[in-house]
Amino acid sequence: MRKFAAGRLKNALTRYLNNHTNLSSSQSRFLSSKTVLDSATSMADPSSSPVTLQTINPKVLKCEYAVRGEIVNIAQRLQQELLDKPGTLPFDEILYCNIGNPQSLGQHPITFFREVLALCDYPSILDKSETQGLFSADSIERAWKILDQIPGRATGAYSHSQGIKGLRDAIAAGIEARDGCPADPNDIFLTDGASPAVHMMMQLLISSEKDGILCPIPQYPLYSASIALHGGTLVPYYLDEASGWGLETSELKKQLEDAKSKGISVRALVVINPGNPTGQVLAEGNQRDIVEFCKKEGLVLLADEVYQENVYVPDKKFHSFKKVSRSMGYGEADISLVSFQSVSKGYYGECGKRGGYMEVTGFSADIREQIYKMASVNLCSNISGQILASLVMSPPKVGDESYDSYRGERDGILSSLARRAKTLEDALNSLEGITCNKAEGAMYLFPQINLPQKAIEAAKAAKTVPDTFYCRQLLNATGIVVVPGSGFGQVSVVIILSAENDIPFSYLDLTVLTWFVFVYLLKQVPGTWHFRCTILPQEDKIPAIVTRLTDFHKKFMDEYRD
């Protein structure tokens, strides 16, 4: 039985490598391993429960989301330990630098936005005399305007499945003001953050594993996870770290042709601008090349533009792909484009309010009907998120009572983020074996770390990936939570068999023994790894983070120096 399982595993592995990697034997390097199933799961009797790993959707097993993975689970355990046993750890707080969640790290919401939300959620106070002294005149006026657009003036009621029409009007006007070209409110689909919109488009475009989506590597794990959940194939294209994580159309062409040779029909291209996790901002000329590529190849352009407000360098500016494509003379009939925006990022950071939208252009009427049908299945997005999305795209203007305070809050947040990014970038580049590209935008740094061979061997002995090994030790020593670079698509998974207890494993339809995941390096310099760190901890905490990280890294390198 073990020979049979090993043989089937070898065949499955060969198929996986043939279909998902471009590795030659000289490029492949064994690095490390990690246990995939915990003992409780492995010992479960499949017959004792109607729901087991063998009976659930295998696409769920395939899906991963590293931003909230192993390192975060350890951090949450340590946080509880700090509460239960104060003083027992070498730090007094957990610093979550793993996810773009600004308000959890102390960022204050924009006053005007919250005033309007409060008034819309409790409209009876609009008629009270004291309200005039507590809220700005323009927030009161905006709240009345929004409530008049909501059936029953009730934020607790369902809305149109695309979102409240008046709010979509405001968003379309904001897009027009940003891009200088027309926007149609009927092209706007309001969603609970950008993530549901991404899932909706993957569900629309993917019908089988023969449908591929071109995605950047490194990439935000939402894309690999959603492609896996909907049964498609991720077709990777690699950003060039040496040129500031540049995107080359020659690389797109190469990966497209490689996918076609394997019988994969590539349906769309994902572009994240500004980049996550890499923080680069695309030049307009580069964007034109991308638009031309999508038009020529008949690909849907999926433009993740949720960090459009987060640009920190004077020589770069955000340009939406819609603006770029229209400036090239391409209209609805020329290119299919979906742009994603969210209230979670930018200077607003309203992650928990779950607001966002997608603007869908260049699709025929019958396809738009299908998109609307998918939106209808979910009834509607939450109303507070819809209101926030409209406010983000139509904030106070010059002459409004709230404008000066709004501008002060916005500019203060963005300038502080720029300073934090530069401080962390400089600190990382000062450390032995670490190089970090300039933080041009978004909310993250993605430094490369050249680990000593001794550390790689220690990771192997610990049955984990080297960058995870480093991040885990960083957390245990300092309380700083970062995300291993391997969670952003930097590696490809390979299964190796070892002999211990039998574990049923339906993902490859095998009954295997104790097994570990081993990873092979994809298009990285040998011996180097990465981690993603947010720039979101408040500015007064950045010096302490730099000190903790610097002290830890020096000790780590001394301990594992070859």
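1. Let's start at Ala442, which sits in the loop joining β10 (434-435) to β11 (444-445). This is a predicted model, so please read each point below as a description of that model. Although Ala442 is not a glycine, its phi is positive, at about 65°. Is Ala442 buried or exposed? With a relative accessibility of 0%, Ala442 counts as buried, because buried means under 20% relative accessible area.

2. A second residue to look at for its backbone is Arg153. Its phi is near 50°, again a positive value in a residue other than glycine. You will find Arg153 in the loop between α7 (137-149) and α8 (165-179). Its relative accessibility is 40%, so Arg153 counts as partly exposed.

3. While you are in that part of the chain, have a look at Ser161. Ser161 also has its place in the loop between α7 and α8. At 12% relative accessibility, Ser161 counts as buried.

4. The bond from Asn273 to Pro274 is cis, and its omega is near -10°. Pro274 belongs to the loop between β6 (265-272) and α12 (284-297). The bond from Asn276 to Pro277 is cis as well, with omega near 20°. Where does Pro277 lie? Pro277, too, is found in the loop between β6 and α12.

5. How many aromatic pairs does the structure hold? There are 14 aromatic pairs. In one of them, the ring centres of Tyr347 and Tyr348 are 4.6 Å apart and the ring planes meet at 70°, so this pair is edge-to-face. Tyr347 is buried, with a relative accessible area of 1%, and Tyr348 is buried with a relative accessible area of 1%.

6. For another pair, go to Phe556 and Tyr560. Their ring centres lie 4.8 Å apart and their planes are at 45°, so the pair is tilted. Both residues belong to helix α19 (residues 542-560), where they are 4 residues apart, about one turn of the helix.

7. Together with Phe112, Phe113, Tyr403 and Tyr406, they form one aromatic cluster. If you select these residues in the viewer, you can see the edge-to-face pair of Tyr347 and Tyr348 alongside the other members of the cluster.

Technical notes. Residues are numbered from 1 along each chain as its sequence is written. This is a predicted model: local features need pLDDT of at least 70, side-chain atom pairs count only at pLDDT 80 or more; totals for chains, interfaces and linings use all residues. Side-chain values use heavy atoms; hydrogens and water are left out. Helices (H or I, at least four residues) and strands (E, at least two) are DSSP runs, numbered from the N terminus. Buried means under 20% relative accessible area, exposed over 50%, partly exposed in between (1.4 Å probe, protein chains only). Rings of Phe, Tyr and Trp (its six-membered ring) pair if their centres lie within 6.5 Å; planes under 30 degrees apart count as stacked, over 60 as edge-to-face and the rest as tilted.
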